[in-house]
Amino acid sequence: KVEGIPADWLSAPNRPISIVPGEKKQVLITFNPPRSPESLAASYRVSANVACQNRPAEYAVAGMLLSLSPYYQFSCAIDPAQLVSGQIGHIAIRNDGNSTENFAVGWSDPEQNLEFTPARPVFAIPAGEEIAAEFRVAAARPPLFGAGRRQPFGALVSSIMGLPQSLAGDLTVKGLIPTWVIPVLILACLV
């Protein structure tokens with residue numbers, strides 16, 4: 001019997017092993033924790049209990065320390081991917097690794113005309129958990145006239161240990177003065 005870790009983490013012989021007095025035998029126990037956030041990176045005190053089937057009061061215990069290393073994996077998304085200037089968007093980051101991880105978001109836009117709030121967010125996310133953080137994006141210098149122009153932007157989500165992931169979005173930037181105002185002003189001047 002092995003104690004200290006979930007039973008599905010190991011494989012060991014499921015039939016009794018015959019040993020005559022004075023004999024020694026080795027038993028192979030394989031530890032195979034699943035790659036999931038529930039298999040937390042930590043040190044686990046494990047004990048293997050061996051008992052005589054005919055005399056259960058006679059037993060031996062072997063202790064060991066099992067160290068499970070961290071692995072790093074995450075997923076992320078922007079919702080909605082198409083925003084209107086000043087609209088609240090959400091960036092969702094899920095830590096699919098098995099230890100708490102720090103994530104940073106860096107924003108970019110090819111025209112360098114957008115302002116992002118918050119500018120460079122950082123999040124500490126426990127294993128198996130997800131955050132959905134709000135952000136706003138707006139044109140730093142909106143055009144004076146215009147019905148609306150789409151401007152692409154990007155987010156680079158990175159963790160300390162994992163590969164960064166790129167996300168894409170669009171911002172519809174409207175002019176300060178809508179285009180329909182010009183003909184109305186011209187007609188007003190003619191009257």
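## Close-up views of a predicted model

**View 1. Lys1 is exposed, its relative accessible area being 67%.** The categories of accessibility rest on a 1.4 Å probe and on protein chains only: buried is under 20% relative accessible area, exposed is over 50%, and partly exposed lies in between. The structure is a predicted model, in which local features need pLDDT of at least 70 and side-chain atom pairs count only at pLDDT 80 or more, while totals for chains, interfaces and linings use all residues. Residues are numbered from 1 along each chain as its sequence is written, and side-chain values use heavy atoms, with hydrogens and water left out. Lys1 forms a salt bridge with Glu3, where the closest N and O atoms are 3.2 Å apart; the term stands for a side-chain nitrogen of Lys or Arg within 4 Å of a carboxyl oxygen of Asp or Glu. Glu3 is itself partly exposed, at 33% relative accessible area.

**View 2. An open sheet contains 3 strands in the order β1-β4-β5, with antiparallel pairing.** Because β1 (2-3) and β5 (59-68) each have a single partner strand, they stand at the edges, and one side of each is left without a neighbour in the sheet. Strands are DSSP runs (E, at least two residues) numbered from the N terminus, and two of them pair if DSSP finds at least two bridges between them. Between β1 and β4 (residues 42-51) there are 2 bridges in the antiparallel sense, and Glu3 stands opposite Ser47 in β4.

**View 3. The side chains of Asp96 and Arg94 meet in a salt bridge, at 2.8 Å from N to O.** Asp96 counts as buried at 17% relative accessibility, whereas Arg94 is partly exposed at 30%.

**View 4. Glu111 and Arg149 join their side chains in a salt bridge of 3.3 Å, N to O.** Glu111 lies in the loop between β9 and β10 and Arg149 in strand β13 (residues 149-159), so the pair ties together parts that are 38 residues apart in sequence. Glu111 is partly exposed, with a relative accessible area of 43%, and Arg149 is partly exposed as well, with 37%. A search of the whole structure finds 5 salt bridges.

View 5. Most residues other than glycine have a negative phi, and most peptide bonds are trans.

How values were computed:
Helices (H or I, at least four residues) and strands (E, at least two) are DSSP runs, numbered from the N terminus.
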